[in-house]
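Me: Please take a close look at one part of this protein for me: the aromatic side chains. I want to know where they sit and how they pair.

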Amino acid sequence: MEIVRRFLETSPTRFEAYLALQRALMRRFEARGGTTEEFCRRLAPAFHRRYGPVLLDG
């Protein structure tokens, strides 16, 4: 998971890496025409399932 490694290298804590990655993915989603509400409803749960155990529990 290269993307996780990149955010871990640039963030002081794992939690900040998690938040920075989520913000980056949300900005990309919005740039492609999605809304913040739609991201939170549809993609945030999947994001948490995928990256939460890696970044928050490690």
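Reply: Tyr18 is buried, because its relative accessibility is 8% and the cut-off for buried is under 20%. This is a predicted model. The structure contains three aromatic pairs. One of them joins Tyr18 and Phe47: the ring centres are 5.0 Å apart and the planes meet at 50°, so this pair is tilted. Tyr18 belongs to helix α2 (residues 14-31) and Phe47 to helix α3 (residues 36-55), so the pair ties together parts 29 residues apart in sequence. Phe47 is buried too, at 5% relative accessible area.

Now take Phe29 and Phe39. They also form a tilted aromatic pair, with 5.8 Å from centre to centre and 55° between the planes. Phe29 sits in helix α2 and Phe39 in helix α3, so this pair links parts that are ten residues apart in sequence. Both partners are buried: Phe29 has a relative accessible area of 17%, and Phe39 comes to 3%.

Now the setting. The protein has three helices and zero strands. Its radius of gyration is 11 Å, close to the 10 Å from the globule rule for 58 residues, so the protein is as compact as a globular protein of that length. Of those 58 residues, 29% count as buried. Take the contacts between residues at least 6 apart in sequence: 50% of them join residues at least 24 apart. The accessible surface comes to about 4,200 Å², and carbon and sulfur atoms account for 52% of it.

Notes. Residues numbered from 1 in each chain as written. Predicted model: local features only at pLDDT ≥ 70, side-chain atom pairs only at ≥ 80, totals over all residues. Heavy atoms only, no water. Helix = DSSP H or I, 4+ residues; strand = E, 2+ residues; numbered from the N terminus. Rg over C-alpha atoms; globule rule 2.2 N^0.38 Å. Buried < 20%, exposed > 50% of the residue type's maximum accessible area, 1.4 Å probe, protein only. Contact = heavy atoms within 4.5 Å. Areas by Shrake-Rupley, 256 points an atom, 1.4 Å probe, with all protein chains shown as cover. Phe/Tyr/Trp six-rings, centres within 6.5 Å; stacked < 30°, edge-to-face > 60°.
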